[in-house]
Amino acid sequence: YLLDVPASNMANMNTRQQLERICNDIHDHLRHIPHAPSVQMQSVPQDWPSDSDSEDGADDARRPDPVRADESGSNYSG
């Protein structure tokens, strides 16, 4: 999505009072919107070595297949 406002030589007909009223209305609306809950930030440990750690693919045998079949034969990602 690209917002492109073409330039024009049209005169600005907005008054300072209209712009202040619009800003106040927006602030009032935002004040009544429920806020998002805050969450605690934690670092996530790396489970697997990155691809840059092994260039020859020697550790691919240690990695589990990302899609496995369960006992019923259906596939799941795990």
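Which side chain meets that of Arg31 in a salt bridge? Keep that in mind while selecting; the tour comes to it below.

Before starting, note that this is a predicted model, in which local features need pLDDT of at least 70 and side-chain atom pairs count only at pLDDT 80 or more, while totals for chains, interfaces and linings use all residues. Residues are numbered from 1 along each chain as its sequence is written, and side-chain values use heavy atoms, with hydrogens and water left out.

Begin by colouring the chain by pLDDT, the predictor's confidence in each residue on a scale from 0 to 100. The chain averages 75, and 62% of the residues score at least 70. Confidence is highest in H1, at 96, and lowest in strand S2 (residues 75-77), at a mean of 52. Where pLDDT is low, the predicted coordinates should not be read in detail.

Next, switch to a cartoon view, which shows one helix and two strands in the order α-β-β along the sequence; helices (H or I, at least four residues) and strands (E, at least two) are DSSP runs, numbered from the N terminus.

Now display the surface, whose accessible area is about 8200 Å², with 54% belonging to carbon and sulfur atoms, as computed by the Shrake-Rupley method with a 1.4 Å probe, only the protein chains shown counting as cover for residues. Of the 78 residues in the chain, 3% are buried, where buried means under 20% relative accessible area, exposed over 50%, and partly exposed in between (1.4 Å probe, protein chains only).

Select helix H1 (residues 16-31) and find Leu30 there, which counts as exposed because its relative accessibility is 52%.

Finally, turn to the two salt bridges found in the whole structure, each a side-chain nitrogen of Lys or Arg within 4 Å of a carboxyl oxygen of Asp or Glu. Arg31 pairs with Asp28 (2.7 Å, N to O), three residues apart in helix H1; Arg31 is exposed at 58%, whereas Asp28 is partly exposed at 32%. Asp25 and Arg21 form a salt bridge at 3.7 Å, N to O, and because they are four residues apart in helix H1, about one helical turn separates them.
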